[in-house]
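Work through the exercises below with the model open beside the text. Try each task before reading its solution.

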Amino acid sequence: MWPSTVWSSEGLDATNARATALRSDQFYGRYANPTVSQFEYAVAALEGAESAVAFGSGMGALASVVLALCGSGSHIVAQDSLYGGTYSFLEGPCRRFGIDVTFVDAKVPGALTSAVVPGKTMLVIAETPSNPCLELVDLEELGAIRGPFTLVDSTLGTPLGQQPLRHGVDLVLHSATKGIGGHNDAMIGVVAGEKDLIDAVWQYAVLHGASASPYDAHNALRGIKTLDVRTTRQAASALSLATSLSRHPAVSAVHYPFLESHAQHDLARKQMRNGGSVLSFDLRGGITHARALIDSLTLARPATSFGGPETLVCHPATSTHVGMPPDLLSRIGITNGLIRVSVGLEHYDDILNDLVKTLG
Ligand SMILES: *Cc1c(COP(=O)(O)O)cnc(C)c1O
């Protein structure tokens, strides 16, 4: 690991060469860092991308891409079922900077494509599977959009579950704080795509300053070594849990892409290799049952985030998505009875028992 923020060089000409090179990784830490570069190479390889650039968080990645590619007068088309932070960034700062955002129900075929305004739309943003309701976006349809850049937040999919770039999408983004890092000890984001586009994002990112830390890149690289075994086990447990919960009388709905009852199950089987480690379910008893369930947990922990070794349970309506307007929350299925589960590495029976013991 290289914790350095600065490197010495021999004389003015060598310094000048480093100061003006693209992505010079032995000049000054905000420009690039060799440990962070190793993480970027690994993610690019996993995504089948030419290049990648890392950031200090998933939101650092998202904000930098949007501000690198858009300006006052630009138009963005975005899915309405999104991570709360992404939604708030598009709805707040973007609008304040004169960037016009149209939100659409992206699981409706053709909805993203028909919201594109030729010559004005700069970026189309999708999140599949979406957090926390596990809605999917058809990657083939998104990849076929011409004109604006297309971006997929693939955090819930992980690079082993799906590869958006193979479907023609321009940029794939991860909050590697989640499954890629995988141990709840690295805050880091990353974007991958064609070299020229990533270089352009980097040129802005150096000024934005949301640079990834080499310590976090080091932990995220350690996470990648076990990504396959972790996601294989977590996805298998998640599917078993989703199946059991869907048969429970206290549960009115379960959201998990590989569950046959998922409205987009065929699409899930077509574009995903596994259903991922996150599921959500709706309790008939609403907030009362949600509170009782969360208060009773002895194995799973009440916490946000996902993709780590420990099972985490959260109540999106009062935490991760608390900033969304009520009509949008109900449109995208974030009810007061909705519980999101990040399935960990514990035994599946123990996780299930912990979740259903108060439900009767
Ligand atoms: C967590 C998350 C983000 C934001 O990532 P941070 O690393 O917390 O900044 C973005 N998108 C999705 C889907 C997420 O789950």
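The model is predicted, so local features need pLDDT of at least 70 and side-chain atom pairs pLDDT 80 or more, while totals for chains, interfaces and linings use all residues. Residues are numbered from 1 along each chain as its sequence is written, and side-chain values use heavy atoms, with hydrogens and water left out.

**Exercise 1.** Classify the ring pairs that involve tyrosine 31 and phenylalanine 27 or tryptophan 202.

*Solution.* 
1. Rings of Phe, Tyr and Trp (its six-membered ring) pair if their centres lie within 6.5 Å; planes under 30 degrees apart are stacked, over 60 edge-to-face, and the rest tilted. The whole structure holds four aromatic pairs.
2. For phenylalanine 27 and tyrosine 31, the centres are 5.1 Å apart and the planes stand at 90 degrees, so this pair is edge-to-face.
3. For tyrosine 31 and tryptophan 202, the values are 6.2 Å and 65 degrees, so this pair is edge-to-face.
4. The second pair links distant parts of the chain, 171 residues apart: tyrosine 31 is in the loop between helix 1 (11–20) and helix 2 (34–47), and tryptophan 202 is in helix 8 (residues 195–208). Helices (H or I, at least four residues) and strands (E, at least two) are DSSP runs, numbered from the N terminus.

**Exercise 2.** Is tryptophan 202 buried or exposed?

*Solution.* 
1. Buried means under 20% relative accessible area, exposed over 50%, and partly exposed in between (1.4 Å probe, protein chains only).
2. Tryptophan 202 has 7%, so it is buried.
3. Tyrosine 31, by contrast, has 23% and counts as partly exposed.

**Exercise 3.** Which charged residue sits over the ring of tyrosine 83?

*Solution.* 
1. A charge sits over a ring if NZ of Lys or CZ of Arg is within 6 Å of the ring centre and within 35 degrees of the ring normal.
2. The residue is lysine 178, whose charged end is 5.1 Å from the ring centre.
3. Arginine 269 lies likewise over the face of phenylalanine 258, 4.1 Å from the ring centre.

**Exercise 4.** How far is a polar side-chain atom of lysine 178 from an oxygen atom of the ligand?

*Solution.* 
1. A polar side-chain atom of lysine 178 lies 2.7 Å from a ligand oxygen atom.
2. A polar backbone atom of glycine 58 is 2.8 Å from an oxygen atom of the ligand.

**Exercise 5.** Which residues of helix 14 (residues 348–356) are buried?

*Solution.* 
1. The buried residues are Ile351, Leu352, Asp354, Leu355 and Val356.

Definitions and conventions: A polar contact is a pair of N or O atoms within 3.5 Å; within protein, one must be able to donate a hydrogen and the other to accept it, and residues adjacent in sequence count only if both atoms are side-chain atoms.
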